[in-house]
Amino acid sequence: MKIKIISLFLLAAAITFSCKKEDAFTSGNAESLFLRQIITDKIPSSEYAYNSAKFISEEKGKFAYTVNNYNVNDQLVSTEYYVNFAILNKDPQVSETAMNQKGWVALTKANLSGTLSYEYNGQGQMMKTLYTPSTGIPQSSEFTYDENERISRQDLYWETNQLGYIEYTYDSDGNLTEENLYTISASGSAELSITSVYEFDGKQNPFKLISRLMIPGINTNNNNVIKETQTIHLNASQGGDITEVTANTYKYNTNGYPIGRNGNVEYLYQ
């Protein structure tokens, strides 16, 4: 699932596989499955570390490092995003050296780009997120739930100004099948900007087991996305709607979890 314009407050996680053709679990129990590493085009792209409750505590990448913090109830309370700003340096030698580095970005060489914090109600539902960048204006989201206690709407704010909202639709298995991003114009009217429609396999999504992030998508879906159709809505003077279709094919282990995607992404488990 690729990073989209609607992901205003989050950095998306990458996806991947296992180096074995046989079962990738440490045992036959699906609950023992934890992603260890993601390999893209034969190069490691993400690596995961876990807390004692087996939820992701750190995600390491070549250019970014993410740290998740939890409370005593295992609720995700904040996420810190660290980035190697050297890749954006105006000096081409500095940026090229950073781009060509081997291994994961080290926290000692990274800068805190921002922190995303989460607030919950007494029923454990996430009600608000606040993204505080190291420099710039804070952004926040507020959430509304449907009768099935799933997030049905996310209102997006820039300081106290509402920029828009996202509406979420699910299938009977709890997968996010459609999201519609509306932007609020200067006149106050809501205009549909982006529609994303998803289709799924019937197999297990490994991120559902290891993530406590409740925003609808890859961390909440029970199954894996096999097709995404995204439409950017433009008026006639702008050339009309633009539609992009992304298809995914997977290889699975005997427990029904993906070990490969699209022939170039591998999922390594521990």
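**View 1. The hairpin of strands E11 and E12 in the predicted model.** Five residues lie between the two strands of this hairpin, and among the residues here Gly188 takes a positive phi near 100°. Strand E11 and strand E12, the latter covering residues 190–200, run antiparallel and are joined by seven bridges. One of the paired positions can be followed from Asn180, whose bridge partner in E12 is Thr195.

**View 2. The hairpin of strands E10 and E11.** Strand E10 (residues 161–170) runs antiparallel to strand E11 (residues 176–184), and seven bridges join them. Within this pairing, Tyr165 stands opposite Tyr182, which belongs to E11. The hairpin has five residues between its strands, and Gly174, which is in the turn, has a positive phi of about 85°.

**View 3. Ile210 in the largest nonpolar core.** This core holds 40 residues, of which Leu35 and Ile210 touch the most other members. When residues up to four places away in sequence are not counted, Ile210 touches Leu33, Phe34 and Leu35, together with Tyr50, Lys54, Phe55 and Ile56.

Note on methods: Residues are numbered from 1 along each chain as its sequence is written. This is a predicted model: local features need pLDDT of at least 70, side-chain atom pairs count only at pLDDT 80 or more; totals for chains, interfaces and linings use all residues. Side-chain values use heavy atoms; hydrogens and water are left out. Two strands pair if DSSP finds at least two bridges between them. Helices (H or I, at least four residues) and strands (E, at least two) are DSSP runs, numbered from the N terminus. A nonpolar core is a set of buried Ala, Val, Leu, Ile, Met, Phe, Trp, Tyr and Cys residues joined through side-chain atoms within 4.5 Å. Buried means under 20% relative accessible area, exposed over 50%, partly exposed in between (1.4 Å probe, protein chains only). Contact means heavy atoms within 4.5 Å.
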